[in-house]
Amino acid sequence: MHAAKSSINRSINLILIYRIWFVSVFFGLHTLVLAGEKSLNAELCREVRLDLEKQSIYTLLPDGSELTNKLRNEPMPELKGSILGQILSRFYKESTGGLENWKDVNSVAMSSKYKNAEGEFKHRIIAKKPDFIKVSIYMSNGVYLKSFDGNHGWEKFPTEQKAKLIRDEQSLRRLANDSRFMNHLLYPFKKGKAYEYMGIVRESDSVCHKIRVHTEKHFIMDYFIDVETYLEVKVVQTDSMGYFDRVELNISGHKIIEGMPFPIKVETYINGSWNSELIMEKIETNVGLVNWMFQLN
């Protein structure tokens with residue numbers, strides 16, 4: 001049993017890629033850190049993020065506007081005409097199809113081929129607003145399942161009869177961070193988040209805007225946005241608290257579905273080393289999902 005679990009954890013560091021058209025969810029073994037270091041990292045993360053959040057609001061909030069609860073819950077609000085504000089506004093239009101298209105999509109189902117060093121597997125994801133998600137990976141000895149219903153997570157290995165609750169707080173922290181419907185570039189005024197514009201860089205044969213998002217769950221998401229198409233070329237996830245490995249996703253081959261671009265191919269690198277490749281085969285929106293489908297108990 002232990003050997004089977006270890007093999008799955010090694011071979012499927014990236015368990016699912018999701019975002020309607022791209023958000024990353026990574027499940028792997030976390031790095032062990034001393035308790036004192038954990039507490040210090042968390043405190044430093046909070047202090048740094050609070051300062052960054054204030055600067056982020058100043059950069060993005062239009063002059064004369066009030067930061068209300070309604071504005072904090074807007075996925076694509078009107079933004080100040082700063083460089084960062086203009087880039088985000090253009091990204092919302094080009095990469096998500098705009099607010100009206102985004103409002104019309106409430107769920108998604110994606111089937112794909114997942115390849116890594118140990119073989120090729122059938123891979124299926126279902127996801128529903130605001131943060132419901134379930135992944136199935138069809139292994140040679142059965143189906144691996146992982147699910148999150150916005151509050152609780154479950155995991156089931158092929159050799160087990162029943163799914164088990166995920167109780168590790170660090171695993172739940174990352175699961176909550178990565179199960180957000182769409183990516184972290186939306187909801188720019190959500191409490192606890194901060195945005196930074198890191199400039200123009202060359203990445204994957206493209207000239208890109210680099211935008212850094214500090215999330216509420218102590219992760220840093222670096223988005224590389226093509227300056228011409230405003231589509232994502234690459235996303236890098238770093239854990240501010242140091243528990244999890246650095247994950248890099250290289251994105252290519254977008255396809256327009258329901259007015260929105262979905263990435264077709266995603267290659268994953270863990271700490272700089274190639275880990276896996278995922279190729280989308282079928283994507284469906286508004287597939288009639290209900291909450292109980294994400295609960296494995």
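**Contacts and overall make-up**

I began with contact range: among contacts in the chain with a separation of 6 or more, 53% come from residues 24 or more positions apart. I count a contact when heavy atoms are within 4.5 Å. The model is predicted, so I took local features only at pLDDT of at least 70 and side-chain atom pairs only at pLDDT 80 or more, while totals for chains, interfaces and linings use all residues. Numbering runs from 1 along each chain as its sequence is written, and side-chain values use heavy atoms, with hydrogens and water left out.

I then looked up the secondary structure and found 6 helices and 17 strands. These are DSSP runs numbered from the N terminus: helices are H or I with at least four residues, strands are E with at least two.

Next I checked burial. The chain has 297 residues, and 55% of them count as buried. My cut-offs are relative accessible area under 20% for buried, over 50% for exposed, and partly exposed in between (1.4 Å probe, protein chains only). The chain exposes about 13,700 Å², of which carbon and sulfur atoms supply 49%. The areas are Shrake-Rupley values with a 1.4 Å probe; for residues, only the protein chains shown count as cover.

**Nonpolar cores**

Which residues touch the most other members of the largest nonpolar core? I found L88, L185 and Y195, in a core of 26 residues. A core here is a set of buried Ala, Val, Leu, Ile, Met, Phe, Trp, Tyr and Cys residues joined through side-chain atoms within 4.5 Å. Two or more residues of this core come from each of α2 (35-60), α4 (83-96), β10 (206-214) and β11 (219-226). Helix α4 gives the most, with 5 residues.

I listed the contacts of Y195, leaving aside neighbours within four places in sequence. They are S56, L60, L84, L88, H184, L185, L186, Y187, P188, I211, R212 and V213. Apart from this core lies another, of 24 residues; V108, M139, I257 and M280 are among them.

**Second largest pocket**

I looked up the second largest pocket and got about 180 Å³ of space. On a 1 Å grid over the protein atoms alone, a pocket is an open set of points with protein on both sides within 12 Å along at least five of seven lines, whereas a cavity is a set where a 1.4 Å probe fits but cannot get out; lining residues have an atom within 4 Å of a point. Points are joined across faces, edges and corners, and the volume is the space filled by probe spheres set on them.

The lining is N73, W102, K129, P130, D131, R180, F181, Y187 and K190. I sorted it into 4 nonpolar, 1 polar and 4 charged residues. For this, Ala, Val, Leu, Ile, Met, Phe, Trp, Tyr, Cys and Pro are nonpolar, Asp, Glu, Lys and Arg are charged, and the others, Gly among them, are polar.

Two lining residues, K129 and P130, are joined by a cis peptide bond, with omega about 0°. P130 sits in the loop between β4 (119-128) and β5 (132-139).

**Positive phi**

I found Y230 in the loop between β11 and β12 (232-239). Its phi is positive, about 60°, although it is not a glycine. Is Y230 buried or exposed? Y230 is buried, at a relative accessible area of 8%. Leaving aside neighbours within four places in sequence, Y230 contacts I87, R90, F91, E94, S95, H209 and I225.

N271 lies in the loop between β16 (265-270) and β17 (273-285). N271 is partly exposed, at 47% relative accessible area.

**Other sites**

I checked E284, in strand β17. E284 is partly exposed, at 31% relative accessible area. Not counting residues up to four places away in sequence, E284 touches S107, V108 and A109. E284 and I257 are 27 residues apart in sequence and 8.4 Å apart C-alpha to C-alpha.

Helix α6 (residues 169-178) is mostly covered, with 7 of its 10 residues buried. Those are Q170, R173, R174, L175, A176, N177 and D178. M241 is in the loop between β12 and β13 (247-252). M241 is buried, with a relative accessible area of 6%.
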